[in-house]
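Student: I've got a structure open and I'd like to learn how to read it. Could you walk me through it?

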Amino acid sequence: MDLKKIFLKDACPTSIGGQAIMEGIMMRGPGRTAIAIRLPDQRIYMKTEPSPKGSKWGKVPLIRGVVNFVASLVYGTKVLMYSADKLEEYYPEDYEKDKFDVWVEEKLGKEKAWKILMVLSVVLALAMSVGIFMLLPTVVVGWVSHFTDSVLLINLIEGIVRILIFMVYILLIGKMPDIKTVFQYHGAEHKTIHCFENNLELTPKNAQQFYTLHPRCGTSFLVFVMIIAVLVHALMGWPNVVIRVVSRILVLPVIAGLSYELLKWAGRSSNPVVKALSMPGLYVQKLTTREPSDEQLEVAIAAMKAVLKPEGTPYFEGICDLDGNPVTEVTEQNVSAQEDEASPTVEEGEAL
């Protein structure tokens, strides 16, 4: 790994960030968000909208880490579900809803069902993340306390187990075709942001020269959480399992806040300390990103260009070109109307 290609000397960090979704990318800037999806017929479907407004707490150091994490999780889930719905709309035979989704829509209506499913998805994601990656390791490693009195050693082992569970989870889901594609779009997102931060023209050829790894990635944030958790938990001793579980839940916001500040520091600095702290997250990014195709980079670039549009540019939803501009779809009805307008009017009795 050549760190010079990640912590680029002349790069100008941007506040624009992104997220890989089903067959596409969401790019979000300070004022504008663009969601770009590659449809099965290879056209790009785009939706642009105002970026969600952050709360005043989203600017307070330490607190903003928790606020922005929850907000990103909620909005990210919303965008992910939107991409799945849009693909289902264009290719319903490939994206069939399960029986539970169909039942909820029939009982509550599509709009209300969509909101409820989104809330359930966020709650389930949070519960599984805390349960699997934070609480399970502390229960599993409890037996180690019978062999050593070193609180630091026990917490270190717990942290290692937590990271191993996370990496095994990523490796397993990465073998699923749909997730592999999401990881490719994740790589496309990073390459596009690198290209923009280095003031190069946004083209697939220019973007391909960069790594799929980026110091401001959400994967690095999760790794920071797991590493900082070891240090914070070590200060809390090793009480019985019930107190350990409760205490780890209570200090999670503190850990998330510290991790967010570290991530922001890593994103705007390239000193040796930052590089050393970023290494674990960068190596894990090798699991959550894949090399994208030029076609996938086209989607990421279209989303980036749509975000960079001047203030006052109208928002839209529909098919777009490679520059993120809306295009008028030519339907059979439009073609017929155009032909009628172009055809000469034949007066009664006029020879054809």
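Predicted model: local features only at pLDDT ≥ 70, side-chain atom pairs only at ≥ 80, totals over all residues.

Student: Okay. How many helices and strands does the chain have?

Tutor: The chain has eleven helices and five strands. Of its 352 residues, 41% count as buried. Looking at contacts between residues at least 6 apart in sequence, 69% of them join residues at least 24 apart.

Student: What should I look for inside?

Tutor: Here's the general idea: in soluble globular proteins, nonpolar side chains tend to be buried together. In this chain, the largest nonpolar core has 40 residues, and M27, I35 and M46 have the most contacts inside it.

Student: Which elements give two or more residues to this core?

Tutor: On the strand side, they are β1 (17-21), β2 (24-28), β3 (32-38), β4 (44-50) and β5 (317-320). The helices are α1 (63-90), α5 (177-197) and α10 (294-307). The largest share, nine residues, comes from α10. Another core, of 13 residues, lies apart from this one, and M134, F224, V225 and L263 are among its residues.

Student: What is I35 in contact with, leaving aside neighbours within four places in sequence?

Tutor: I35 is in contact with I21, I25, M26, Y45, M46, K47, E49, V79 and Y82.

Student: And how do I describe two helices that pack together?

Tutor: Two packed helices are described by the angle between their axes and the distance between the axes. Take α5 and α10: they pack at an angle of about 50°, with their axes 9 Å apart. That angle makes α5 oblique to α10, and the crossing of the two is right-handed.

Student: Which residues make the contact between α5 and α10?

Tutor: From α5 you have T181, Q184, Y185, A188, E189, K191, T192, I193 and F196. From α10 come Q296, L297, V299, A300, I301 and M304. By class, this contact of α5 with α10 has nine nonpolar, four polar and two charged residues.

Student: Let me try a single residue. Is V251 buried or exposed?

Tutor: V251 counts as buried because its relative accessibility is 17%, and the cut-off for buried is under 20%. You'll find V251 in helix α8 (residues 241-268).

Student: What does V251 touch, not counting residues up to four places away in sequence?

Tutor: V251 touches V232, H233 and M236. H233 and V251 are 18 residues apart along the chain, and their C-alpha atoms are separated by 8.6 Å.

Definitions and conventions. Residues numbered from 1 in each chain as written. Heavy atoms only, no water. Core = buried A, V, L, I, M, F, W, Y, C linked by side-chain atoms within 4.5 Å. Buried < 20%, exposed > 50% of the residue type's maximum accessible area, 1.4 Å probe, protein only. Helix = DSSP H or I, 4+ residues; strand = E, 2+ residues; numbered from the N terminus. Contact = heavy atoms within 4.5 Å. Axes fitted to C-alpha atoms, helices over the stretch in contact; angles between N-to-C directions. Parallel < 35°, antiparallel > 145°, perpendicular 65-115°, else oblique. Left-handed = near helix turned anticlockwise from the far one by under 90°. Nonpolar A, V, L, I, M, F, W, Y, C, P; charged D, E, K, R; others polar.
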